[in-house]
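Subject: Structure handover

Hello,

Here is the structure I promised to pass on. Please open it next to this email and follow along.

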Amino acid sequence: MARVLAASACGAVVALGLSKLLRGKAEARQVPPPIETKAIDGKAIAAEVRGEIKKGTADVLEHLSESVSNIDKFLGSNQAFVAELKAAHNITPGLAVILVGSRKDSQSYVRNKKKAAEEVGFHTVDIVLPETVSQQELLSELEKLNSDPKVHSILVQLPLPEHIDSALVLSKIRVDKDADGFSAENVGNLCMKGGFPPLAVPCTPAGCVELLQRSNVEVAGKNVVVLGRSNIVGMPVSQILQSMDATVTVCHSRTKDMLSYLRNADIVIAALGKAEYVRGEWLKPGCVVIDVGINAVDDATKKAGYRLVGDVNFAEAQGVASQITPVPGGVGPMTIVRNSGGFVDLI
């Protein structure tokens, strides 16, 4: 009888332990509540920044006016010097844009840049060249702009036709007029820790970082994954984020097991150029996504026959990411407005 009771008690203990174990596993399998994903409104932030740039331009001119007035009092006898300073008061920031060929996306991009520049009071110069323009003809136009005192910043819209050496053309832009920040000197200063700051920073990376800052996203100490290593986005944005004390990993076409990096990323900068490549299930819950990609996918419901999407599957990121930029309406408007900010820096 005693043995039966002991066995029963033992069985009860085992059953109780098994029940707790199974309950614990069930609790562990419970899916956490979905995260409320906030869209980072690039249009609204860009409008805010545009207003600040417009005010900044007015402040610069006001400062010049005050400086001229003060110097005029002390150097009245030096009429030539004062006249030169007074002329500075009437300077209007000048942006020159070189567009080669008739690509619709480039035309649209240049049109938006010009519109943004004009909204903040800039003078713009258009150089539109045919697809067949020779490299020497393009360089001659560029040299004219380099020498023009009314032009303070120069932007060469990329990509250029295949028969033109883009790197050579960009290298010929005067560094103090390099609106996109692509010159070797500007890029070198961007990468140099403790060195001189670049005169200009590439506008898309600058826009990405400003979106993070104005969305109150902490960068220091965070794991950041940058998808893509282009000279236009991936390389410069990784350098900027490193300077902000982030731990940055750059993934590209040869990266093995990219998912393992993404699942540990607090911030994702997607600049691959692959439509909806990043799936929601690849993301770390609560991460922040800056989607740089602009890709056209067929859509018969749209008048144009297509719609624009990013490199990240926006719908799948809902409930996973804490914040994400939509496409369109996210990084694009900030790229345009940061171009304007870069122009002001070059004056």
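The expected span of a helix is 1.5 Å times one less than its number of residues. The model is predicted, by the way.

**Helix α4**

Helix α4 covers residues 104-119, which makes 16 residues. From its first C-alpha to its last, α4 reaches 23 Å. That is close to the 22 Å expected. Which residues of α4 are buried? They are Ser-106, Val-110, Lys-113, Lys-114, Ala-116 and Ala-117. Look down the axis of α4: these buried residues fall within an arc of 165°, so they line one face of the helix. Now turn to the face pointing away from the buried side. Here you find the exposed residues Lys-104, Arg-111 and Lys-115. Just after α4 comes Gly-121, with a positive phi of about 90°.

**Asn-313**

Next, go to the loop between β10 (306-309) and α11 (314-317). Asn-313 is found there. Is Asn-313 buried or exposed? Its relative accessible area is 11%, and the cut-off for buried is under 20%, so Asn-313 counts as buried.

- to the backbone nitrogen of Ala-315, at 3.3 Å;
- to the backbone nitrogen of Glu-316, at 3.0 Å.

Leave aside residues up to four places away in sequence. Asn-313 then touches Glu-276, Val-278 and Arg-279.

**Cysteines**

How many disulfides does the structure hold? The count is zero. Take Cys-203 as a case. The closest cysteine sulfur to its own is in Cys-208, 9.7 Å away. A disulfide needs the two sulfur atoms within 2.5 Å, so this pair is too far apart for a bond. Cys-203 is buried, with a relative accessible area of 6%. Cys-191, in contrast, is partly exposed, at 35% relative accessibility.

**The chain as a whole**

Now step back. The protein chain has twelve helices and eleven strands. It has 347 residues, and 41% of them count as buried. Its accessible surface comes to about 19,000 Å². Carbon and sulfur atoms account for 55% of that surface. Last, consider contacts between residues at least 6 apart in sequence. Of these, 70% join residues at least 24 apart.

Best wishes

Terms used. Residues numbered from 1 in each chain as written. Predicted model: local features only at pLDDT ≥ 70, side-chain atom pairs only at ≥ 80, totals over all residues. Heavy atoms only, no water. Helix = DSSP H or I, 4+ residues; strand = E, 2+ residues; numbered from the N terminus. Buried < 20%, exposed > 50% of the residue type's maximum accessible area, 1.4 Å probe, protein only. Arc of directions from axis to C-beta. Polar contact = N/O pair within 3.5 Å; in protein donor to acceptor, adjacent residues only side chain to side chain. Contact = heavy atoms within 4.5 Å. Areas by Shrake-Rupley, 256 points an atom, 1.4 Å probe, with all protein chains shown as cover.
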